[in-house]
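Here is a short note to keep beside you as you look at this structure for the first time. Please turn the model around as you read.

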Amino acid sequence: MGVDWSTKVVLLTGASSGIGRALAVELGKRGARIGLTARRADELLKTEEEVVRAGGQAFAHPADVRNPDDMTRVAERVREKWGKIDILIANAGMSTTTAGTHLKAAEASDVISINVLGVVNCVAAVLPDMLAQKSGHLVAISSLAAYRGLPKSGAYSASKAAVSTLFESLRVDLRKSGIDVTVIHPGFIRTPMTANRKKKLPFLLEVDDAACRIIRAIERRARTYAFPWQLAGLVRLLKHFPNAIYDRLASNSSFRD
Ligand SMILES: NC(=O)c1ccc[n+]([C@@H]2O[C@H](COP(=O)([O-])OP(=O)(O)OC[C@H]3O[C@@H](n4cnc5c(N)ncnc54)[C@H](OP(=O)(O)O)[C@@H]3O)[C@@H](O)[C@H]2O)c1
């Protein structure tokens, strides 16, 4: 809403694929300058080319969100190039099936370290300068899976619940600091993350549509934004279901194979 993206510098994680790449391209169309990061250098370069073709400016800096020093270096490079970071979009994430009957500690640890500690590392890399400049915007891509423990999704649901509550705490702590805090809860989006699911995913959205909705939520500085409304309404309702009813419903409706 009235945001002049050509004045904005964005640091975007998970920019080599899916929602991250679509966000980068849509922000590029709006003229933003974007520091792109993810681990795969070749895919990041493809995103960089797409952003430039779309009319934006971008540079790719491969890094692993699990490494705090990596994230500090990425943030430094963006500030060296463009003098500031206005918006962090902490989007990098992974998803895996973790059936409670076959819980594997190493798999859960990967999900938690990328989805939770990765977000913490990104925030820690940009926050001191945002506090000093008394402005900025922290955005995290959580999930509707944050609302309740979904079947076969223990690690993923736990990681996204952690991101959502982390951002809620940040929002409270950063009140009056000049820094906005937004947490996005998408439903199912067609990306490489959901590509191999055999189960039909309800209200599946195309990735460009999702990116535009996320950008609109950032523009209006929403505290939280959950979409699509049909699935967001359902998970909000499920949050208030008694546990015994939730358990029966959820155990019969996994969207994981
Ligand atoms: N698709 C959905 O239905 C859906 C729904 C709700 C929420 N989300 C969330 O949206 C975000 C993006 O997901 P997506 O669907 O776009 O998935 P995706 O296509 O698999 O993209 C995931 C991105 O995260 C990056 N990434 C993963 N591990 C990383 C690490 N250790 N360090 C740096 N980057 C890392 C990947 O890049 P590299 O592999 O190159 O590192 C990739 O760019 C995730 O946080 C996901 O949980 C997705």
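1. A word on the model. This is a predicted model, in which local features need pLDDT of at least 70 and side-chain atom pairs count only at pLDDT 80 or more, while totals for chains, interfaces and linings use all residues. Residues are numbered from 1 along each chain as its sequence is written, and side-chain values use heavy atoms, with hydrogens and water left out.

2. Around the ligand. The ligand has 30 residues around it, of which Ser16, Ser17, Arg39, Tyr156 and Thr191 come nearest (a residue is near if one of its heavy atoms lies within 4 Å). This shell is made up of 14 nonpolar, eleven polar and five charged residues; here Ala, Val, Leu, Ile, Met, Phe, Trp, Tyr, Cys and Pro count as nonpolar, Asp, Glu, Lys and Arg as charged, and the others, Gly among them, as polar. Helices α1 (18-29) and α5 (154-173) each supply at least two residues of the shell; helices (H or I, at least four residues) and strands (E, at least two) are DSSP runs, numbered from the N terminus.

3. A polar side-chain atom of Arg39 is 2.7 Å from a ligand oxygen atom, and an N or O atom in the side chain of Lys160 is 2.9 Å from a ligand oxygen atom. Asn91 uses a backbone N or O atom, 2.8 Å from an oxygen atom of the ligand. The ligand taken alone exposes 880 Å², and the protein buries 94% of that (Shrake-Rupley method, 1.4 Å probe).

4. Strand β1. Five of the five residues of β1 (residues 9-13) are buried, so this strand is largely enclosed by the rest of the structure (buried means under 20% relative accessible area, exposed over 50%, partly exposed in between, with a 1.4 Å probe and protein chains only). Val9, Leu11 and Thr13 point one way, and Val10 and Leu12 the other. In a regular strand, side chains alternate between the two faces of the sheet.

5. Neighbours of β1. Which strands pair with β1? Strand β2 (residues 33-37) pairs with β1 in the parallel sense over five bridges, with Gly35 as the bridge partner of Leu11. Strand β4 (residues 87-90) also runs parallel to β1, joined by three bridges, and Ile87 is the bridge partner of Val10. Pairing requires at least two DSSP bridges.

6. A loop residue. Arg66 lies in the loop between β3 (57-60) and α3 (68-82). Arg66 is partly exposed, with a relative accessible area of 34%.

Terms used. A polar contact is a pair of N or O atoms within 3.5 Å; within protein, one must be able to donate a hydrogen and the other to accept it, and residues adjacent in sequence count only if both atoms are side-chain atoms.
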